[in-house]
Amino acid sequence: MVLSVFKSGDELFNQGVDLIKRKEYAKARKNFEKTIEKNGREAALAKVYVDIIDACLDQDNPARYNKLAASLGQMNEGFQFGLTEINPTRMALECKLLAERMETGRMPGKAPAQLEERGNRFLDIARKYQTMIGNDAIAISEIVGIQVNTGIKEALYIQALGYENLSSGVVMSDPKRAAELLQNAYACRKQLGEDAQQTLSTINAYSKSVKCWICGRPATGEGVHFLAMPSDISPFMRKSDDEILKSAPSDYNSIYVCKPCYSAISKRSDEIARQYHERAMQEMRAMEARLEAEIRSLSTRISMLR
Ligand SMILES: [Zn+2]
């Protein structure tokens, strides 16, 4: 009688399988851990179950998927998780790709070389989804509860991210190329049914060319290599027919200025503002000192009168 209180590894395992069906993952995990401890018949499968549950409970952590991929690699036959039939080789591949995608998304840095590397990695992962998963749905997504896509659809998302990163990496040196790369991202997003207006307006900004009103140099890439500066273009000025005027914003409330001219003006005006600020502060401090001296002399006189 007393002995029956201590369940065997196999009993705990079967109970764990029922708990998975009821989606009580944390409880099921405890059972599988005990199955492994007691070296039950299904200890190997219990280990995979623990790793699947860990991925379910911590779905944004790429390390969980790498660990799960490794333990799935040890399985020779298919098995069930809840109601889902699992092909270990296939799911190991899905886990590796998912981890790779997450790790790439978290790569730090905004420098051109880093953006280029991240972009190329995304494109590489997208190719893998396209060729290795294709039109099949990604089963691991369903199990851990993230959006379920086919390999092709997932590839489109990742391709868009890839081209967006490559575009950001190149825009400082080659805005036209940046616009072309973003055009590819836009095509992917349209195929996914997104409206992608933001991408479209960035493409238009990157491909726009004007002449600087101050130095007359041509510049491509609005917001990056040239900017609109508030100004008044009088009706008289609007009549003239030169090329620079043609590149004025349509409301005539600003002029286009290339980044070098723009930054020279803003740096110089910052400097002037700083000088004024310092002079004003100096004068205030001198006035403060004068007032303090007067207050001191007044209080001495008052105390002498008492
Ligand atoms: Zn200029």
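**Figure 1. Packing of helices H4 and H5 in the predicted model.** Helix H5 spans residues 88–105, and its axis comes within 8 Å of the axis of H4. The two axes cross at roughly 155°, which makes H4 roughly antiparallel to H5, since angles over 145 degrees are classed in this way. The crossing of H4 and H5 is left-handed. On the side of H4, the contact is made by Pro62, Tyr65, Asn66, Leu68, Ala69 and Leu72. H5 contributes Pro88, Met91, Ala92, Cys95, Lys96, Leu98, Ala99, Met102 and Glu103.

**Figure 2. Packing of helices H3 and H4.** Helix H3 covers residues 43–57 and helix H4 covers residues 62–72. Their axes lie 9 Å apart, and the helices pack at an angle of about 160°. H3 is therefore roughly antiparallel to H4. A left-handed crossing is found for H3 and H4. The residues of H3 that make the contact are Lys47, Val48, Asp51, Ile52, Asp54 and Ala55. Those of H4 are Arg64, Tyr65, Lys67, Leu68, Ser71 and Leu72. Among the H4 residues listed here are Tyr65, Leu68 and Leu72, and Tyr65, Leu68 and Leu72 also take part in the contact with H5.

**Figure 3. Domain 1 and domain 2.** The domain assignment of the protein places domain 1 at residues 1–57 and domain 2 at residues 89–207. A distance of 38 Å separates the C-alpha centres of domain 1 and domain 2.

**Figure 4. Pairing of strands S5 and S6.** Strand S5 (residues 226–230) is joined to S6 by five bridges, and the two strands run antiparallel. One of the residues involved is phenylalanine 226, whose bridge partner in S6 is cysteine 258. Strand S6 consists of residues 254–258. Because four of its five residues are buried, S6 is largely enclosed by the rest of the structure.

**Figure 5. Surroundings of isoleucine 233.** Isoleucine 233 is located in the loop between S5 and helix H11 (235–239). Isoleucine 233 has 17 C-beta neighbours inside 10 Å and so counts as partly exposed; a buried residue would need 20 or more. When neighbours within four places in sequence are left aside, the contacts of isoleucine 233 are Arg238, Ala248, Tyr252 and Ile255. Tyrosine 157 lies 76 residues from isoleucine 233 in sequence, and the C-alpha atoms of the two residues are 44 Å apart in space.

Key
Residues numbered from 1 in each chain as written. Predicted model: local features only at pLDDT ≥ 70, side-chain atom pairs only at ≥ 80, totals over all residues. Buried ≥ 20, exposed ≤ 12 C-beta atoms within 10 Å, placed from the backbone. Pairing = 2+ DSSP bridges. Domains from an automatic or database assignment. Axes fitted to C-alpha atoms, helices over the stretch in contact; angles between N-to-C directions. Parallel < 35°, antiparallel > 145°, perpendicular 65-115°, else oblique. Left-handed = near helix turned anticlockwise from the far one by under 90°. Contact = placed C-beta atoms within 7 Å.
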